[in-house]
Amino acid sequence: MSTATIRAGAILPGRGGMGGALSDAFWRNPKLLLFVMLTPPLLWLGIIYLGSLFALLIQSFFSIDEFSGLVVREFTLKTYGELLRPSNLDIIVRTVTMAGLVTIASAIIAFPIAYYAARYAKGRWKAVFYLGVMLPLWSSYLVKVYAWKLILAKEGILTWIFDKLHLTFLIEGWLSLPVVGGNSLSVSLTGTFLVFVYVWLPFMILPVQAALERVPGNLLEASADLGASPRQTFTNVLLPLALPGIIAGSIFTFSLTLGDYIIPQIIGTSHRFIGMAVYAHQGTAGNIPLAAAFTVVPVVIMGIYLWLAKRAGAFNAL
Amino acid sequence: MPYAVSFQQVSRHFGTVRAVDAVDLEVEAGEFFAMLGPSGSGKTTCLRLIAGFEQPTAGHIEIFGETAEGVPPYRRNVNTVFQDYALFPHLNVADNVAYGQMIRGVAKAERLRDAEAALEMVKLPGYGARKPGQLSGGQRQRVALARALVNKPKVLLLDEPLGALDLKLREQMQEELKALQRALGITFVFVTHDQGEALSMADRIAVFNEGRIMQTGTPEEIYRRPKTRFVADFVGSSNVLSPDLTRQLGGPAEWSSLRPEDIRLGAGGGHEAQVTGTSFLGSATRVTLELAGEKLTVLLPAGSDVPAPGATVRFSWEPSALHLMGTEA
Amino acid sequence: MRSDRQNRTPMGLKIAAGVGLAFLHLPILLIFLYAFTTEDKSYQFPPPGLTLKWFAVTWNRPDVWEALGLSVRVASISTVVALVLGTLCAAAISQTRFFGREAISLLVILPIALPGIITGISLRSAFNLAEIPFSFWTIVLGHATFCVVVVYNNAVARFRRVSGSLIEASMDLGADGFQTFRYVILPNIGTALLAGGMLAFALSFDEVIVTTFTAGQQATLPIWMLEELVRPRQRPVTNVVAMVVVLVTFLPILAAYYLTRDGDQISGQGK
């Protein structure tokens, strides 16, 4: 204390120099600081990214000349009309159905994991569960798909297990069914479905867990105390409270399934999904307008979905 | 000698909310000044105006005669003890205390020596190596105090400094803060919503309500001679009597205040009222009376006879105890 | 769902949670087994024998090294760009309130919220329109765009803890804006930024969907793998690469977890 310099004035001189002057300027005018901070990210995301999206949207209103194969840059809704062709509608319906089924299955598998992690796992186990979800979430997408190629292959582990259990007839019976069946699991829609569920499952677990963490334990006890059976407690208390989390998770599972083109290409049938159609139209076919129109479909579906989710209060669980 | 802090018609508006509304304020150099009021009364905003975290919408602020508006907080020779202490979690106690001097470029050995001296002053010698997370609430408070005082500010601001402490610790800190202020001679300005704290610690008090100062004065003045109903009620929960009741009780038709502890029960003469409730407070008993549809609180010292609820009692007071506040209060 | 009055874990729930976790992890473990198989023509299980020779074969493959090198370079630069943009955005959003905050946080999340194929095809067609040839930098441009959100999510959570009175305390003690950033903000958000950076690296290192649209002729490691998946030619080498990729991405994720665990948790939903 004793050697501290004693300053006479109540107002001290500034630090001076460039830094001091700039700091004073930012302090006097916080908007200037905000402008400086926001300009680089806004230039990048707002101009490069949104600009690209917008350019793509515009191209969906162009059409392709059927003879020359060149893009005609005139406003038309013709390309959107093409989406309504039976073969294209088929793709849309198939993709949306798949996304819906994947979402439901993910929610069912995710719930016990999330509930256990949120309510029963303590200390070390909490960390185990957290990492147990984070590691698969962040590990390589392609490697995960590849792992399933190994699992579902005709000579792979699944066939081997069923063979050892003398249950091979189950797989064969299932594969002989129309639509879901095929030559082997790795070239069936069942396989596609399994891989989708596997790859997007962690995206469902985390928000559901976050929502369940917020349910006070005594709420469930109160329900049991008031005479509700476990089933009633589940449907009347737990599920409604977890629902925002499930909806938040479903945003991911739904959106990711809608846009994916790699999984059905590697594990699946020749029936196409929206992502594959987009890829094919922009690539080999060179029909950018139709590809662009196809990408608008998931965007519109997700827009409606997000709007509904927002009304259900799902964003608080993100 | 200029005032330590002076506000001239200072306002701070947030949108349509007038947090501080045309306030005039003078804090003498070297005094222990309290800004007292309920939450949202503008007292904390005034403190932030002195610190420089807020800028006035209108008016003029001086600190020791120097214009303060437009000067950033880091150029004001004023330091703050924050309500939540705001200790830097990544620095140990010594580095927290030495932060101000580190910024000013004081050499490391010197600033750490000063920090240790400041920690001794707040009775935490040898705590320098700990992290704030390892300290109790009371200890954090002391570190926050040391961190502010080590810079020898012209004015020390304290925002609800004792709010988070338990009763016993709070009483002890009140004593220590007073002693520290007297020893250092630094002007202390502190904000509180606790009238007991303000009365016991401050040399002078400004009572805030709805962005304005209702009254400024010594604790004695504020307590004995409140100027408005609000002050009478907020400081010491006085009985505020309407002009009607005042007249009924023999005074002029003015608002008046009557301290609960100034009322005596049972003696001859005086007025009659009905007992509606009693509650035992330990050192005293609170008796609620009803008279002409208005409530009156009486504080009886321990050991007095306590009337039963429903009983009719006579009550009286020394003539000087009835404090008149005019017709407009 | 069984009753849990005594707060004991119901057996059914325990089993369901355990099976769920096993479902998440067993396929990844299988990758490790296949890296050692002697079988090189099919995905036969159980492997007829185990060998280490494919590691040596992979080690000597220049195309694998080239893809790995490109991936590391792309991920490094994308991470740096994402760190700068994500931190700036997080600071602006959490330190100030202004009109349009919501719109900006939505804009940051958009590249991840929209299916990757949309980001990919928009960037590709924009490059075409602007006549920008595909290169290393077009890949980085795409990757940085969706990596921003990871850094942003990590930083924004931490900024919330630093904001308010700590910054005021620093200014009160005489530090101007830059000194406050240097001595208070940076040390407090440092680990969150490091964690965000590592996750961004993992995300970029692994990305394939956007990359297929922005890469032109160059192959990052995921692109190399994708080609192998579509037309398997060297299964054993792919097995080894898959295992290495798993290990390489696990490290930054574990590191990020340990960096942030005593504070906020990593926002995994941001992926």
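Predicted model: local features only at pLDDT ≥ 70, side-chain atom pairs only at ≥ 80, totals over all residues.

Let's begin with chain C, which has 11 helices and zero strands. Of the 271 residues in chain C, 53% are buried. Take the contacts in chain C with a separation of 6 or more: 77% of them link residues 24 or more positions apart.

Chain B brings in some strands. Three of them form an open sheet in the order β11-β12-β18, with antiparallel pairing. At the edges sit β11(B) and β18(B), each pairing on one side only. Between β11(B) and β12(B) there are three bridges, and one bridge pair is Val240(B) with Ser257(B) in β12(B).

| Strand of the sheet | Residues |
|---|---|
| β11 (chain B) | residues 239–241 |
| β12 (chain B) | residues 256–258 |
| β18 (chain B) | residues 323–324 |

Now for where the two chains touch. Here 14 residues of chain C are in contact with 18 residues of chain B. On chain C's side, α7 (165–172) and α8 (177–206) each supply at least two residues. The helix that gives the most is α7(C), with six residues. What kinds of residues make up the side of chain C that touches chain B? They divide into seven nonpolar, four polar and three charged.

Notes:
Residues numbered from 1 in each chain as written. Chains lettered and ligands numbered in written order. Helix = DSSP H or I, 4+ residues; strand = E, 2+ residues; numbered from the N terminus. Buried ≥ 20, exposed ≤ 12 C-beta atoms within 10 Å, placed from the backbone. Contact = placed C-beta atoms within 7 Å. Pairing = 2+ DSSP bridges. Nonpolar A, V, L, I, M, F, W, Y, C, P; charged D, E, K, R; others polar.
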